[in-house]
Amino acid sequence: MQANNRWFITLTLFLSMLLVVMPLPQQWLWFRPAFPALLVIFWVTRMPQALGVGFAWLVGILEDLISGASLGTHALALAVLAYFSLLTYQRTRAFNPAQQLLWVFVLVGIHQVVGNWVHGLEGKTVPGLTFLWPALTTALLWPWVAPLLHRLCSRLQVH
């Protein structure tokens, strides 16, 4: 992978980690988009030969360390998300924006279910389906974030 690619990927991940710890009012915490998950979907589908499950695992470990979650919670959830992204990246590239939005909702929903399962094993249960709100907000961001990142990648020759 070129240094140009590593620099830009690292910058986007750094920004996503800042957004993970950005203070929000208590009533908005459940609606915080899963920014690292959004970026893992983007990078794994954009560069499937270079970035995969191991990349997602490392991003998850970093998110666990930064957010104070149990080590491995986000890592496992992002690794599962990356696996499904890799299985379907060729098909999803041909999806129209509405289909991509729905697919991102499903992927991040799976990510949230895995994370909630791990929290349940720790005895930290989430009432109802509240834990799925980030899947919705992340999917709603996808139509704006993905084209922006594609344009920046083209401009910076990240491939």
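A: Let's start with the contacts: taking those with a separation of 6 or more, 70% in the chain are between residues 24 or more positions apart, a contact being heavy atoms within 4.5 Å. Bear in mind that this is a predicted model, where local features need pLDDT of at least 70 and side-chain atom pairs count only at pLDDT 80 or more, while totals for chains, interfaces and linings use all residues. Residues are numbered from 1 along each chain as its sequence is written, and side-chain values use heavy atoms, with hydrogens and water left out.

The chain has 6 helices and 0 strands, both being DSSP runs numbered from the N terminus (H or I over at least four residues for helices, E over at least two for strands). In sequence order that reads α-α-α-α-α-α. A compact globule of 159 residues would have a radius of gyration near 15 Å, and the chain agrees at 15 Å; the radius is taken over C-alpha atoms, and the globule rule is 2.2 Å times the number of residues to the power 0.38. The C-alpha trace spans about 45 × 30 × 30 Å along its principal axes. Of the 159 residues, 42% are buried, with buried meaning under 20% relative accessible area, exposed over 50%, and partly exposed in between (1.4 Å probe, protein chains only).

The part I'd pick is α2, residues 35-46. Its 12 residues reach 16 Å from the first C-alpha to the last, close to the 16 Å expected, the expected span being 1.5 Å times one less than the number of residues. What makes it worth a look is burial: 11 of its 12 residues are buried, so α2 is largely enclosed by the rest of the structure. The buried ones include Phe-35, Leu-38, Val-40, Ile-41 and Thr-45.

Zoom in on Leu-39, which lies in α2 and is buried at 7% relative accessibility. Leaving out residues up to four places away in sequence, Leu-39 touches Thr-12, Leu-13, Ser-16 and Leu-149.

The largest nonpolar core has 31 residues, a core being a set of buried Ala, Val, Leu, Ile, Met, Phe, Trp, Tyr and Cys residues joined through side-chain atoms within 4.5 Å. Each of α1, α2, α3 (53-67), α4 (73-93), α5 (97-121) and α6 supplies at least two of its residues, but the largest share, 8 residues, comes from α2. Val-40, Trp-43, Phe-55 and Val-108 have the most contacts inside this core. Phe-55 itself touches Ile-9, Leu-13, Val-40, Trp-43 and Val-44, again skipping residues up to four places away.

On to the rings. The structure holds 6 aromatic pairs; rings of Phe, Tyr and Trp (its six-membered ring) pair if their centres lie within 6.5 Å, and planes under 30 degrees apart count as stacked, over 60 as edge-to-face and the rest as tilted. Phe-31 and Trp-133 have ring centres 5.0 Å apart and planes at 55°, so this pair is tilted. That pair joins distant parts of the chain, 102 residues apart: Phe-31 is in the loop between α1 (3-21) and α2, and Trp-133 is in α6 (residues 133-156). Phe-31 is partly exposed at 30%, and Trp-133 is partly exposed at 37%. Phe-42 and Trp-43 pair edge-to-face, at 4.9 Å between centres and 80° between planes, and both are buried. Ring pairs also link these two with Trp-7 and Phe-8 in a cluster.

Finally, α2 is part of the cover for another helix: the buried residues of α5 are covered by elements including α2, α4 and α6. Among those buried α5 residues are Val-104, Leu-107, Val-108 and His-111. The 25 residues of α5 should span 36 Å, and its end C-alpha atoms agree at 36 Å apart.
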